[in-house]
Amino acid sequence: MGKVTDIKPQKRSKSRVNVYIDGEFAVALEAVTAKAGGVTVGAEIDADALSRLCRESEDESALSRAFGYISRRMRTESEVRKYLTEKKYPPSSVDRAVARLKEYGYIDDEEFVRSYVENKRDTRGKLRMRRDLALCGADEKLIDGAIGDMGDQREAASRAAEKYLRTHPYDYRKLCARLSSMGFEWEDVRAAVRGLGKETEDEESI
């Protein structure tokens, strides 16, 4: 058992405080955790209570970091886990932060994949979208379901070809390479190029 003799705000992190017990630095806690746990100057605290507050502080900090991370754009569960792990939070705090974010509806991989495909389907091909979503850690079954519902992308590929040709002279090889780099499947690329009325171009030259 020890007595809290001082509580000082940290200079580098305004949300955290340094707690001193019996005149010696003991732990750094999130300010809200310290307040909720009754950590005040003069309060008595034992080792078990201090250990519990440390765990709660880590959980609070991890959740706060996660909120900041997902505020910039939607994230997959895998992205959030990787981010918090890289910030050196213990696995237990990562698990609890992710669980709370899923409970609040801030992490929803199915909605993430659906929204991504809906927003990018006119500017990116299926192959590119599949690769991007995989890099975000989205589940393969969710990706297959969302992309499988799209049908062909011939119209999107055609619009991309027309946009490209506004600023570039027609060149069969380069146009096909451009559309392929955007992730459009080969059949959609061929359909888009044929739609330009260039049937006489040597498709076998690719």
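Helices (H or I, at least four residues) and strands (E, at least two) are DSSP runs, numbered from the N terminus. The structure is a predicted model, in which local features need pLDDT of at least 70 and side-chain atom pairs count only at pLDDT 80 or more, while totals for chains, interfaces and linings use all residues. Residues are numbered from 1 along each chain as its sequence is written, and side-chain values use heavy atoms, with hydrogens and water left out.

Glutamine 153 is placed in the loop between α7 (140-148) and α8 (154-165). With a relative accessible area of 3%, glutamine 153 is buried (buried means under 20% relative accessible area, exposed over 50%, and partly exposed in between, with a 1.4 Å probe and protein chains only). The side chain of glutamine 153 takes part in polar contacts, defined as pairs of N or O atoms within 3.5 Å; within protein, one atom must be able to donate a hydrogen and the other to accept it, and residues adjacent in sequence count only if both atoms are side-chain atoms. In another, a polar atom of the glutamine 153 side chain lies 2.8 Å from the backbone nitrogen of lysine 126. When residues up to four places away in sequence are not counted, glutamine 153 touches Arg121, Arg124, Gly125, Lys126, Met129, Phe184 and Asp188 (contact means heavy atoms within 4.5 Å).

Four aromatic pairs are present in the structure. Rings of Phe, Tyr and Trp (its six-membered ring) pair if their centres lie within 6.5 Å; planes under 30 degrees apart count as stacked, over 60 as edge-to-face and the rest as tilted. Phenylalanine 67 and tyrosine 106 form an edge-to-face pair, with 5.2 Å centre to centre and 85° between the planes. This pair links distant parts of the chain, 39 residues apart: phenylalanine 67 belongs to helix α2 (residues 47-70), and tyrosine 106 to the loop between α4 (91-104) and α5 (109-120). Phenylalanine 67 is partly exposed, at a relative accessible area of 30%, and tyrosine 106 is partly exposed at 48%.

Tyrosine 69 and tyrosine 83 form a stacked pair, 4.0 Å centre to centre and with 5° between the planes. Here, too, distant parts of the chain are linked, with tyrosine 69 in helix α2 and tyrosine 83 in helix α3 (residues 77-86), 14 residues apart. Both tyrosine 69 and tyrosine 83 are buried.
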